[in-house]
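This report describes selected features of one structure, section by section. The sequence and structure come before the text.

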Amino acid sequence: MNPIILDGKKVAQSIKNELRVEVERLKEAEITPKLATILVGDDEASKTYVQMKANTCHKLGMESERVFLPEETTTEELLNVIKQLNEDASVHGILLQHPVPSHIDERKAFDTIALEKDVDGVTAHGFGATTFQLGAYPCCTPAAILQIIDHYNLSIEGKHAVVVGRSPILGKPVSMMLLNRNATVTISHSKTENLPEVISQADIIIAAVGRPKFIKGEWLKEGAIVLDAGYNPGNIGDCDYETCYPKSSAITPVPGGVGPVTISMLLKHTVEAAKTQRASVVLN
Ligand code: NAP
């Protein structure tokens with residue numbers, strides 16, 4: 001049987017359809033969900049990502065505020081901008097575009113974002129709360145991976161998931177989220193010995209390596225589910241699609257897999273944040 005192609009565009013569309021209705025409903029209650037994005041410096045790829053996020057906001061009837069800061073911005077200046085956005089009741093979600101210039105203390109900047117506005121799931125507090133299932137917004141790419149799994153009704157309970165990568169925005173949070181869904185999780189990284197052998201034991205592979213075509217089909221168990229979060233120059237995933245496709249039972253393409261769902265999850269979190277923040281104002 002041919003593998004199922006896990007179509008991220010389709011998943012993203014179904015989220016956006018729901019969000020459009022939700023945003024209309026919120027507007028009737030005079031709330032327009034608003035995402036603020038902060039970009040420090042002139043990185044062209046980051047500019048494109050920020051623009052894409054703003055465009056998608058507008059298409060869904062949401063508002064976006066884009067803050068552009070020069071390359072030479074200091075950590076202190078960036079923290080002040082974040083604090084102002086934390087205080088601004090019209091802003092429901094804050095995204096600091098990663099990476100920031102190397103002279104900035106990125107962790108400090110992320111952790112200055114108020115937890116209730118951390119719609120990108122980048123704060124240490126958000127990571128802990130996600131891990132303990134305390135209701136924070138998870139990182140968007142891990143959330144997108146889980147969303148695809150759920151959209152296609154793929155079973156994860158009791159399955160062996162091997163996550164390749166352990167970054168704070170991807171490998172680590174997705175591992176915790178899979179664990180919370182009762183998968184048996186192995187986290188692998190650049191120091192893992194005999195990675196092909198580890199991967200060969202996986203029912204589910206999460207590729208979060210940042211190396212084009214790194215994971216080979218010959219490493220996979222027959223019928224494994226492959227979710228490729230990789231996005232390398234030239235729109236190339238972390239898995240070698242040509243060889244992984246025939247061995248898998250379901251696989252995300254690159255492009256058109258995890259990527260489109262990630263932006264939708266960011267907007268979904270922003271809409272949820274708008275609802276929650278409104279409710280807390282009413283209660284107070
Ligand atoms: P990252 O911070 O560079 O982390 C890469 C991880 O891969 C690290 O944990 C590293 O291990 C591990 N690794 C590197 N070489 C390895 C090897 N030879 N064997 C095993 N593990 C190895 O990257 P990231 O930000 O997590 O991103 C990963 C990929 O996802 C990239 O392709 C990125 O473009 C993509 N991405 C996609 C989206 C989306 O929306 N689709 C969002 C974010 C990122 P160590 O910890 O030992 O160094």
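## Surroundings of Gln97

Setting aside neighbours within four places in sequence, Gln97 is in contact with Ile38, Leu39, Ser46, Tyr49, Val50 and Lys53. With Lys53, there is a polar contact between the two side chains, at 2.9 Å. The model is a predicted one.

Gln97 sits in the loop that runs between strand S4 (93-96) and helix H4 (106-112).

## Packing of H6 against H7

Two packed helices are described by the distance between their axes and the angle between those axes. For helix H6 (residues 140-151) and helix H7 (residues 171-180), the axes come within 9 Å and cross at roughly 40°.

Which residues form the contact between H6 and H7? From H6 they are Pro142, Ala143, Ile145, Leu146 and Ile149; from H7 they are Pro173, Val174, Met177 and Leu178. By class, this contact of H6 with H7 comprises nine nonpolar residues, with no polar and no charged ones. An α-helix has 3.6 residues a turn, so residues three or four places apart point the same way.

## Burial of H7

The buried residues of H7 are Gly171, Pro173, Val174, Ser175, Met177 and Leu178. Among them, Pro173, Val174, Met177 and Leu178 also meet H6.

H6 is one of the elements covering these buried residues of H7. The cover also includes helix H5 (124-131) and the strands S5 (160-164), S6 (184-188) and S7 (204-207). Just after H7, Asn182 takes a positive phi of about 70°.

## Ligand site

The ligand is surrounded by 22 residues, of which Arg166, Ser167, Ser190, Ala229 and Tyr231 are the closest. By class, the shell divides into nine nonpolar, ten polar and three charged residues.

Which atoms of the protein lie by oxygen atoms of the ligand? In the side chain of Arg166, an N or O atom is 2.7 Å from a ligand oxygen. A polar side-chain atom of Ser190 lies 2.5 Å from an oxygen atom of the ligand. At Val209 a backbone N or O atom is involved, 3.4 Å from an oxygen atom of the ligand. Taken alone, the ligand exposes 930 Å², and the protein buries 71% of that area.

How values were computed
Residues numbered from 1 in each chain as written. Predicted model: local features only at pLDDT ≥ 70, side-chain atom pairs only at ≥ 80, totals over all residues. Heavy atoms only, no water. Axes fitted to C-alpha atoms, helices over the stretch in contact; angles between N-to-C directions. Helix = DSSP H or I, 4+ residues; strand = E, 2+ residues; numbered from the N terminus. Contact = heavy atoms within 4.5 Å. Nonpolar A, V, L, I, M, F, W, Y, C, P; charged D, E, K, R; others polar. Near = heavy atom within 4 Å. Polar contact = N/O pair within 3.5 Å; in protein donor to acceptor, adjacent residues only side chain to side chain. Areas by Shrake-Rupley, 256 points an atom, 1.4 Å probe, with all protein chains shown as cover. Buried < 20%, exposed > 50% of the residue type's maximum accessible area, 1.4 Å probe, protein only.
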